[in-house]
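Please find below a short note for your reading of this entry. The points are numbered so that each may be followed alongside the display.

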Amino acid sequence: MYATALQHIKPGDWLTLLLGSMCVAALTLKLWGGDLADKAIIRSGGKIFLEVPLSPDQRIEVPGPLGISIINIKQRKARITSDPSPRQYCVRQGWLQQAGEIALCLPNQVSIELTGSRKRYDSLNY
Amino acid sequence: MHLNTHTLRLETTAEDHHIARMAAVALGLTILESAIPSPLPGVKPGLANIVTLIVLARYGWRMAVWVSLLRVVAGSLLFGNFLTPGFFLSLSGAVLSLIVLAFAQKLPARWFGPVSHSIYAAFAHIAGQMLVVYLWLIPHAGIAYLIPIFATAALVFGTVNGLIAARFMDNAQNHPLPLEGEGWGEGEIFPPPLP
């Protein structure tokens with residue numbers, strides 16, 4: 001039965017099969033590799049304020065000592081839309097989507113960190 | 001009261017009949033397949049494509065287009081989902097497969113057979129469907145997470161369908177079965193060669 005099935009596969013068909021398998025493997029690694037973030041950890045004043053999945057689009061208001069920072073989650077990406085801090089570094093950082101990316105608003109002490117299925121760093125020191 | 005009995009006659013060619021027969025076989029397979037439970041909507045063997053592959057190999061691309069599109073439209077009428085999202089999903093998949101088959105068919109026949117055609121068409125099929133899903137139904141990057149599942153299904157079912165088609169054509173060539181019924185003709189090889 002297997003032998004008869006195999007005789008219908010021509011040399012080029014093996015090539016196609018190989019190419020197809022490589023495509024599937026590459027797609028799986030790329031999309032399920034855990035590099036894309038699937039969760040956001042929002043901190044305020046060093047404490048965890050909220051942990052949210054990136055799947056639903058939403059808008060979150062996080063209170064800090066200076067005022068309210070607004071975080072937007074859209075299409076599995078997250079960004080800080082507005083923040084009362086003077087230099088606006090975290091707002092200018094734009095959209096975050098890879099696991100391990102962090103936007104930190106100082107001195108409002110609000111931060112957002114994206115995490116994937118595996119964590120790339122245990123801690124970061126500056 | 002005058003009763004007018006008008007007979008409207010459409011001129012049909014032998015080719016039209018072949019197309020209709022093949023589309024009917026494909027339709028039968030589609031209905032058969034709808035009885036098979038699927039773990040995820042959209043993951044289906046696509047048995048009807050076996051017919052498209054055979055028609056492509058035997059009668060060429062133009063007829064394969066007819067059979068495939070007729071199957072999609074008639075199938076949607078049978079299932080009652082004509083012009084619904086489900087219909088457009090089948091249509092986009094079928095159209096993209098046919099476009100890819102037009103190119104795949106040009107591959108040297110010595111090296112590439114129905115198995116290759118089937119795999120390329122299966123990948124084109126999911127690509128067409130994902131495109132419609134993303135551009136119209138669920139415009140959210142999250143559907144990317146389903147792509148590996150669909151791609152794996154395409155590779156597996158594409159290979160299996162291609163093997164079935166290849167084997168079927170081999171059988172019909174080496175051991176012609178006389179089929180009964182007037183349409184098929186006595187002792188005629190399935191699928192019957194065009195006059």
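1. In this predicted model, the hairpin formed by β6(A) and β7(A) has four residues between its strands, and Gln109(A) there takes a positive phi near 60°. The two strands, β6 (residues 102-105) and β7 (residues 110-115) of chain A, run antiparallel and are joined by four bridges. Within this pairing, Glu113(A) of β7(A) lies opposite Ile102(A).

2. The side chains of β6(A) alternate along the strand.

3. Six bridges link β3(A) to β4(A) (residues 68-74) in the antiparallel sense. Among the paired residues, Arg59(A) has Asn72(A) in β4(A) as its bridge partner.

4. In chain B, the axes of helix α2 (residues 48-59) and helix α6 (residues 147-174) come within 9 Å and cross at roughly 50°. The two helices are therefore oblique to each other, and the crossing of α2(B) past α6(B) is right-handed. Residues making the contact include Leu53(B) and Ile54(B) from α2(B), and Ala165(B) and Phe168(B) from α6(B). The residues of this contact comprise eight nonpolar, three polar and no charged.

Methods:
Residues numbered from 1 in each chain as written. Chains lettered and ligands numbered in written order. Predicted model: local features only at pLDDT ≥ 70, side-chain atom pairs only at ≥ 80, totals over all residues. Axes fitted to C-alpha atoms, helices over the stretch in contact; angles between N-to-C directions. Parallel < 35°, antiparallel > 145°, perpendicular 65-115°, else oblique. Left-handed = near helix turned anticlockwise from the far one by under 90°. Contact = placed C-beta atoms within 7 Å. Nonpolar A, V, L, I, M, F, W, Y, C, P; charged D, E, K, R; others polar. Buried ≥ 20, exposed ≤ 12 C-beta atoms within 10 Å, placed from the backbone. Pairing = 2+ DSSP bridges.
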